[in-house]
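Please read it alongside the model.

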Amino acid sequence: MNPSVPPSRRYVAWGEPDASRGPDAWPGRHRSPQGRGRQDGSPPREPGADPAVAQQLQADLALLRLGAASRRPVFTVTGAVVSLYLLDALLAGAAPGLMAMHLAGPLNVALALNLLQYGTSAWAVWWYARYGRRVLDPQAAQVRAWLGEEEDTR
Amino acid sequence: MTAALQSGHSAPVFVIFAVFVSCALFLAIWVTTDAITPRDFYIGDGRLAPIQNGIAIFGVYLSAATVLGTPGLIALTGYDALGYLKGAIVALVVNLLLIAGRYHSTGHYTIGDRLGRRLHTRSVQVAGGVAALGICLVYVTAQMVGAGALAAPVLGLEGPGARRIMVVSLGLLLILYVAIGGMRATTAVQVVKTVLVLGGGGWLSMLVVSKIGWNPMLLLSRAADHSGLGDTFLQPGVSYGDGTMGKLDSFSLQLALLVGPAVLPHVLGRLRTVPTARAARRSVEVATWLTLAFCLMVTILGFGAAALLGRTAIKVNNATGNSAVLMLSESLGGVILITLISCLAFTTVLAVASGVILTASTALAHDIYQVGLMKGKASEKSELLVARGAVVLVGLTAIGLSLFAQGQNIAFLVTLAFAVGGSAVLPPLLYSMYWRHFTAKGALWSVYGGLISSVLLVVFSPALSGSPTSMLPHLDFAAFPLSNPAVVTIPLGFLLGWLGSVLDSREPDMAEYAEKEARVLADVDVDRLARSSGP
């Protein structure tokens, strides 16, 4: 936790800091006593000493981690499944000879790729369910706990 | 054998179906409460269990064309038709991994809500509504034409008159059902459909496999032998030949089959019927497992039909192969099974079309009437009235259009729906979820650009005119060489979304994006945070 982070940088975790919106970028939660103190003209307090700010920074870090976790691995797996599908579609047009090659009995490369597609799809679904349970859901719950919020059930 | 199909079994089918219809209507009235709100009507108050919703997503996802048409197509063209099944599976995987959770977190009722709330622009919400309405109208028309085609093999009524009676009566039933029951009633019929499809299809494919001797290799080689095509039956190329355009067209179709189903508005609409983003992900997960099982079943049925009946017999009975499953169930299971399969066909049409009509009416009443025309000031009561009116309007339009298109080759309708979905809905949806520089201008450009280019390219494609297999074979105004425009329009939709955002003079609101992203990730209600944070 770096106490020198200016308030305007805090809640813009994924974008550049937005000066026009200033410290109100994330609605409400960060209005710590420290902010009001400065409006009164009283000297700013050490942010690390303020439990509200500390908690907010914890939540930020957790949000950053969750943001990264919800993108990269998920994009990689989606990319793999979709690439296999497109490769299959391309090969069917471009290399019919290869697709017709026999592997075992009536099973040829085209049908084997088809089976592989079913297999990778099933694996991706299984992986994502597990990944959600083990990584995404606990991290989201942690962020909600830091923020003191309930799961949205609208 | 067709004589038996046409007369012998129509009476039990009809009686069972009549009982089913009365039960369905009773259910619709029973599940509807007096004090119904638009939220009830659109998403069943968002209180469904994820398993139930997953079963219903499967129910609305797989149309009659997939349930009855694809096994027939596999029996006729072998390997090439397997692409339809692969597309259905991979599209759901894409929906699950990239869309489901995030769509739930910031969606409200519609695709228009999803885009409009992120970008704070009414015109974007209306654009989303127009795209969804267009896709739904085209899709439901295709379903109704398919329902007419069921009249002959299932009810034993031949001729255009029977088809019209079938379409009109089924269409009126649908309108009544959806207008009364809304989301709760469509959920009920979709769950029933899933049980029938998986039960009936599972039974039939078990019969096929046991007949072959539980050996998948034997199933394949027998199918290849009896198809009359030999080894080429199990290789790509039977349906589109050797030409470069044929290959490109086939690739374009594969692309449409991948991205179109991933963003079908009636599937996205169902994501909001569960309380949390976690539950939305779980629903799509359940739906994907069911779809995987179903696609394996359909593969067995298709190759089984080729192996046990022979390709020529199927083609003689019905050139499109639509009756292959009915023929198979008659030869393997007799009266009970064919009655079950017929009921399954009707329920499928009812389940899919009711979901689509409901989604269309939601887009019309919520995006276009409430947000677009009334600027969000219409009362709940009037919005609900408009939603029910929209059900009648959309239903009657679909009936009218499908009567016009009855008996014609309407393959281009589904192509069009998928192309519009892939080029006008998927790009803005993905950009709004993952790209912080996305702006309202980019959204408008990609929605309208994708919509207009898809419609124009399909109108001037060989699917509509200029070839013996087109819908209007006597006219020729085809200027675009491909029947499937997806390979052009999908990149165009993404390009326009990017270009519009880059050229937009207004800066995207980064801080706002960060807030929305935080809300999506943690699945908390940012609006509530904002409200409770006042000084």
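Buried means under 20% relative accessible area, exposed means over 50%, and partly exposed lies in between (1.4 Å probe, protein chains only). B:Ser323 is buried, at a relative accessible area of 0%.

The model is predicted, so local features need pLDDT of at least 70 and side-chain atom pairs count only at pLDDT 80 or more, while totals for chains, interfaces and linings use all residues. Residues are numbered from 1 along each chain as its sequence is written, chains are lettered from A and ligands numbered from 1 in the order in which they are written, and side-chain values use heavy atoms, with hydrogens and water left out.

**The loop residue**

B:Ser323 sits in the loop between helix H14 (311-317) and helix H15 (324-373) of chain B. Helices here are DSSP runs (H or I, at least four residues), numbered from the N terminus. The side chain of B:Ser323 makes a polar contact with the side chain of B:Asn317, at 2.7 Å. A polar contact is a pair of N or O atoms within 3.5 Å; within protein, one must be able to donate a hydrogen and the other to accept it, and residues adjacent in sequence count only if both atoms are side-chain atoms. Leaving aside residues up to four places away in sequence, B:Ser323 touches B:Asn317 and B:Asn318. Contact means heavy atoms within 4.5 Å.

**The interface**

How many residues of chain B are in contact with chain A? The count is 70 residues of chain B, against 65 residues of chain A. The size of an interface is often given as the accessible area lost when the parts come together. Chain B and chain A bury about 5,900 Å² between them, with 64% of it on carbon and sulfur atoms. Buried area is the accessible area (1.4 Å probe) that two parts lose on being put together, summed over both. Between the two chains there are 13 residue pairs in polar contact, both residues at pLDDT 80 or more. Several helices of chain B each supply at least two residues of the side that touches chain A, among them H6, H13 and H20. H6(B) gives the largest share of that side, 15 residues.

**Salt bridges**

The whole structure holds seven salt bridges over all chains. Three of them run between chain B and chain A. A salt bridge is a side-chain nitrogen of Lys or Arg within 4 Å of a carboxyl oxygen of Asp or Glu. Some of the pairs follow.

| Pair | N to O distance |
|---|---|
| A:Asp137 and B:Arg281 | 2.7 Å |
| B:Asp45 and B:Arg39 | 3.0 Å |
| B:Glu517 and B:Arg102 | 3.2 Å |

B:Glu517 lies in helix H20 (residues 510-522) and B:Arg102 in helix H6 (residues 82-106), both of chain B, so the pair ties together parts that are 415 residues apart in sequence. B:Glu517 and B:Arg102 are buried. Shared partners join A:Arg71, B:Arg102 and B:Glu517 into one salt-bridge network.

The side chains of A:Asp137 and B:Arg281 also meet in a salt bridge. A:Asp137 is in helix H5 (residues 109-147) of chain A and B:Arg281 in helix H13 (residues 277-309) of chain B, so this pair joins two chains. A:Asp137 counts as buried at 19% relative accessibility. B:Arg281 is buried at 14%. B:Asp45 is partly exposed, at 27%.
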